[in-house]
Amino acid sequence: MAKSSGGPSVGDPVLILLPDGSRRVVVLCEGGKTETKYGIVEHDSILKAGWGSQIRTSSGMTAWILKPSIYDLQLYFARRATQVIYPKDSSFMVTLSGIRAGSRVVEIGTGSGFLTMMLACAVWPTGKVYTFDCRRESLEIAKENLKLIECASVVELYELDARTGIPVEGVDAVFVDIADPWNVLEHAYTSLRDSGSLVVFVPTVNQVIKLLRENSNKRLFGDTRVFEIALREYQPEAEALRPYTTQVAHTGYILFMRKVQARHSY
């Protein structure tokens, strides 16, 4: 992907902020055109502008040209092979896990790579993300999405079913996003360093209960916590501040546990 310090270049993703606040993320190409409800946006006009500049559409309307954040890339551009973990959940999962630059982490269930992108940004530049998925199609889409960020070099993708084992040990955290996380519980335990974090995302209460029961029976992890993240965005109008009528409400549950050395009651 082309990079530029002064302004966008060919191959860069850009965020087009339209007059009504709606957003479009596109990758620039010479002679390219992007159709919007406010007219056509010429890519050549964007290439001549700097970040944060205004341009005019073919209908004379103005639009802002902004550098997209990872939030923008995931919500308005990245491809999806499966249901994804939204930034409201993935950012909390990363913070909860305690990982930082230099950490080594395992991800079970790469999916479209949304969480993978967040993990890569967290451990970059000296850490490592080992991500596993048994579906080649998902891995290919995740690989394309990872090209949107600058820290993809720390990611290693593997076509492997982690239910059969995890070929990495001594990692700082294991993240799980599969339908049956209880079936990788012991493998996650083996892969983690002592006191390492296990962070699991599941969409239903039944899955939460089953995972809690499995851990209670095997006594592998302690410091167990369960969270649900609610996020409400408001219309930024000074005279009519109120929540947007359309929102992403329930997405899933986040389970956090730590590896403990002795398998006893806690």
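Residues count as buried under 20% relative accessible area, as exposed over 50%, and as partly exposed in between (1.4 Å probe, protein chains only). The model shown is predicted, with local features needing pLDDT of at least 70 and side-chain atom pairs counting only at pLDDT 80 or more, while totals for chains, interfaces and linings use all residues. Residues are numbered from 1 along each chain as its sequence is written, and side-chain values use heavy atoms, with hydrogens and water left out.

View 1. (A pocket is an open set of points on a 1 Å grid over the protein atoms alone where a 1.4 Å probe fits, with protein on both sides within 12 Å along at least five of seven lines; lining residues have an atom within 4 Å of a point. Points are joined across faces, edges and corners, and a volume is the space filled by probe spheres set on them.) The lining of the largest pocket comprises 24 residues, and those closest to the centre are Arg23, Tyr71, Tyr76, Glu233 and Tyr244. By class, this lining contains twelve nonpolar, five polar and seven charged residues. (Ala, Val, Leu, Ile, Met, Phe, Trp, Tyr, Cys and Pro are nonpolar; Asp, Glu, Lys and Arg are charged; the others, Gly among them, are polar.)

**View 2. Helices and domains around the largest pocket.** At least two lining residues of the largest pocket come from each of α2 (70-76) and α3 (87-97). Helix α2 gives the largest share of this lining, namely four residues. (Helices, H or I with at least four residues, and strands, E with at least two, are DSSP runs numbered from the N terminus.) Domain 1 (12-68) and domain 2 (72-259) each contribute at least three residues to the lining of the largest pocket; the domain bounds come from an automatic or database assignment.

**View 3. The second largest pocket.** The volume of the second largest pocket is about 470 Å³. Its lining consists of 29 residues, and nearest its centre lie Gln83, Arg135, Asp177, Ile178 and Ala179. Strand β7 (104-108), helix α4 (114-123) and strand β8 (128-133) are the elements that give two or more residues to the lining of this pocket. In the lining of the second largest pocket, 14 residues are nonpolar, nine are polar and six are charged.

**View 4. Positions listed as a binding site in the UniProt record.** An unreviewed UniProt entry lists Ser112, Gly113, Phe114, Leu115, Asp133 and Asp177 under "binding site". These residues gather at one spot, because no two of their C-alpha atoms are more than 13.4 Å apart although they span 66 residues in sequence. Ser112, Gly113, Phe114, Leu115, Asp133 and Asp177 belong to the lining of the second largest pocket. (UniProt positions follow the numbering used here, feature names are shortened, and annotations may be inferred rather than shown by experiment.)

**View 5. The surroundings of Ser112.** Ser112 is placed in the loop between β7 and α4. With a relative accessible area of 2%, Ser112 is buried. Apart from neighbours within four places in sequence, Ser112 makes contact (heavy atoms within 4.5 Å) with Arg79, Arg80, Ala81, Thr82, Val84, Ile141, Ala142 and Asn145.

**View 6. A cis peptide bond between Trp124 and Pro125.** The bond that joins Trp124 to Pro125 is cis, with omega about 10°. Pro125 belongs to the loop between α4 and β8.

**View 7. Positive phi at Ser195 and Asp223.** Ser195 is not glycine, yet its phi is positive, near 75°. Ser195 sits in strand β11 (residues 192-202) and is partly exposed, at 36% relative accessibility. Asp223, also a residue other than glycine, has a positive phi near 55°. Asp223 lies in strand β12 (residues 221-227) and is partly exposed, with a relative accessible area of 36%.

**View 8. Glu214 in helix α7.** Glu214 is part of helix α7 (residues 205-218). With a relative accessible area of 22%, Glu214 is partly exposed. The C-alpha atoms of Glu214 and Pro181 are 9.8 Å apart, and 33 residues along the chain separate the two. When residues up to four places away in sequence are not counted, Glu214 touches Trp182 and Leu185.

**View 9. Ala49 and its contacts.** Ala49 occupies the loop between α1 (43-48) and β5 (53-56). Its relative accessible area is 14%, so Ala49 is buried. Ala49 and Gly7 are 42 residues apart along the chain, with 6.7 Å between their C-alpha atoms. Not counting residues up to four places away in sequence, Ala49 touches Gly7, Pro8 and Ile55.
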